[in-house]
Amino acid sequence: MDYVSALVPPVVMAVFFILLVKTIVKSQGGANKAKEDAAVDAVLARAEATRQPRK
């Protein structure tokens, strides 16, 4: 039974990692992409507006 307790943590972590990658891949593109791009554009525009020129 020691081998079962030795294998459980890596198997659980592998399953979690696979689910994480699938979620990331699934959330790319589609309707979410336009919202994410708009959010990034807004942050970049705000950063450009607040950035002061160096002297």
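Where is the place of Val11? In this predicted model, Val11 sits in helix 1, so a look at that helix is a handy way into the rest of the chain.

Helix 1 runs over residues 2-27, which makes 26 residues. From its first C-alpha to its last it reaches 39 Å, close to the 38 Å expected at 1.5 Å a residue. There is a kink, though: about 30 degrees at Val8, shortly before the proline Pro9. After the helix comes Gly29, and its phi is positive, near 80 degrees.

Together with Met1, Tyr3, Val4, Leu7, Val12, Val15 and Leu19, they make a nonpolar surface patch of about 910 Å². The numbering of these residues is worth a glance with helix geometry in mind. An α-helix has 3.6 residues a turn, so residues three or four places apart point the same way.

Now for the other helix. Helix 2 covers residues 30-50, and Val40 is found there. Is Val40 buried, exposed or partly exposed? Val40 counts as partly exposed because its relative accessibility is 46%, and that class lies between the buried limit of under 20% and the exposed limit of over 50%.

Zooming out, the secondary structure of the protein chain comes to two helices and zero strands. How does the radius of gyration of the protein chain stand against that of a compact globule? The chain has 21 Å, whereas a compact globule of 55 residues would come out near 10 Å. The C-alpha trace tells its own part of the story, spanning about 70 × 35 × 10 Å along its principal axes.

Key
Residues are numbered from 1 along each chain as its sequence is written. This is a predicted model: local features need pLDDT of at least 70, side-chain atom pairs count only at pLDDT 80 or more; totals for chains, interfaces and linings use all residues. Side-chain values use heavy atoms; hydrogens and water are left out. Helices (H or I, at least four residues) and strands (E, at least two) are DSSP runs, numbered from the N terminus. The expected span of a helix is 1.5 Å times one less than its number of residues. The bend at a residue is the angle between axes fitted to the seven residues ending there and the seven starting there. Patches are made of residues with over 30% relative accessible area and no salt bridge: like charges are joined within 9 Å, nonpolar side chains (Val, Leu, Ile, Met, Phe, Trp, Tyr) within 5 Å. Accessible areas come from the Shrake-Rupley method with a 1.4 Å probe; for residues, only the protein chains shown count as cover. A salt bridge is a side-chain nitrogen of Lys or Arg within 4 Å of a carboxyl oxygen of Asp or Glu. The radius of gyration is taken over C-alpha atoms; the globule rule is 2.2 Å times the number of residues to the power 0.38. Buried means under 20% relative accessible area, exposed over 50%, partly exposed in between (1.4 Å probe, protein chains only).
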